[in-house]
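I opened the model to look up a few spans, the packing and the charged pairs. My entries follow in the order I made them.

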Amino acid sequence: MSIISSIIIFSLLSGITVFFGGLLAFFFEKKFKKGFLKEEIIHLFIAFGTGIMLSAISFVLVPHGLEKTHILIAIFLILLGGIIFYYLDGYIQKKAKHTAQIMAMLLDFIPESIALGALFAYDYKLGMVLALFIALQNLPESFNSYLELRSSGFKIKKLLIILFLLSFIGVIFSLLGYYLLSENPFITSALMLFASGGILYLIFQDIAPSLKYKNNRLIAIGVNIGFIVGIYGNSFT
């Protein structure tokens with residue numbers, strides 16, 4: 001299988017979970033009406049996604065980003081990612097409040113997809129692992145995005161079409177990453193560190209504060225479960 005074919009297949013697999021997350025939310029919404037159990041499941045799913053995001057940062061983005069960059073540059077890039085995402089998050093909250101969750105999903109999905117395409121040129125296994133992390137990360141984010149947009153009045157058919165189309169964004173940006181960055185591992189590493197800073201901001205600004213639900217401490221265990229899944233995925237490298 002050629003590198004291009006691998007990039008298309010794995011970026012498609014990592015992106016299609018955007019649509020699957022929406023489908024899962026669609027059936028979940030039909031099955032569970034308003035109530036305590038519904039809210040518990042939603043919060044647990046968000047916690048799981050948080051664990052996956054933390055494992056992606058811990059095992060792929062930061063360790064491999066540090067390989068090609070000086071520590072001081074890495075610190076700057078992580079801080080820059082957090083600052084840029086801070087301003088983007090503020091802009092989204094003002095201009096597109098009802099689509100904040102889906103925009104947040106794209107904020108980390110796009111730079112990770114670019115890095116994915118570049119990685120396949122010189123580390124095939126790492127590219128596969130990053131694709132797995134992106135896929136697992138997109139699923140709960142898309143699930144939550146669907147529920148958020150439905151609560152703001154979006155029609156089901158329109159919403160599922162949007163999520164289906166967004167599933168292919170990863171392929172586009174992964175191919176761009178391959179053609180533009182595959183011969184420049186420093187920029188790829190810089191992008192991974194930048195994305196790490198942005199994801200850390202999103203986790204502790206937008207996601208983590210929502211995990212506590214009616215004094216139920218068990219929901220936070222979902223973060224541990226997600227992190228353990230990440231450890232297992234990283235064991236294949």
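**Spans.** I looked up residues 69–88 in this predicted model: the span is 90% helix and 0% strand, with its end C-alpha atoms 25 Å apart. I then took residues 159–180, where the chain is 91% helix and 0% strand and the end C-alpha atoms lie 32 Å apart. Helices (H or I, at least four residues) and strands (E, at least two) are DSSP runs, numbered from the N terminus. Both spans come from the UniProt record, an unreviewed entry, which lists "transmembrane region" for 6–29, 41–63, 69–88, 159–180, 186–204 and 216–233. I note that such annotations may be inferred rather than shown by experiment.

**Ground rules.** I number residues from 1 along each chain as its sequence is written, and side-chain values use heavy atoms, with hydrogens and water left out. Local features need pLDDT of at least 70 and side-chain atom pairs count only at pLDDT 80 or more, while totals for chains, interfaces and linings use all residues.

**Cores.** I looked for nonpolar cores, meaning sets of buried Ala, Val, Leu, Ile, Met, Phe, Trp, Tyr and Cys residues joined through side-chain atoms within 4.5 Å. Buried is under 20% relative accessible area, exposed is over 50%, and partly exposed is in between (1.4 Å probe, protein chains only). The largest core has 55 residues, and those touching the most other members are Val 60, Leu 130, Phe 143, Tyr 146, Leu 147, Leu 163 and Leu 166. Helices supplying at least two residues each include H1 (3–31), H2 (36–66) and H5 (124–151). H2 gives the most, with 11 residues. Apart from this core lies another of 7 residues, among them Ala 104, Phe 194, Tyr 201 and Leu 202.

**Tyr 146.** I listed its contacts (heavy atoms within 4.5 Å). Leaving aside neighbours within four places in sequence, Tyr 146 touches Gly 22, Ala 25, Phe 26, Glu 29, Ile 156, Leu 159, Leu 160 and Leu 163.

**Salt bridges.** How many salt bridges does the count come to? I required a side-chain nitrogen of Lys or Arg within 4 Å of a carboxyl oxygen of Asp or Glu, and the count is 1. Arg 150 and Glu 29 form it, at 3.1 Å, N to O. The pair links helix H5 to helix H1, with the two residues 121 apart in the chain. Arg 150 is partly exposed because its relative accessible area is 25%.

**Ser 113.** Ser 113 is in helix H4. I put Ser 113 down as buried because its relative accessibility is 1%. Beyond four places in sequence, Ser 113 is in contact with Ile 134, Gly 170, Phe 173 and Ser 174.
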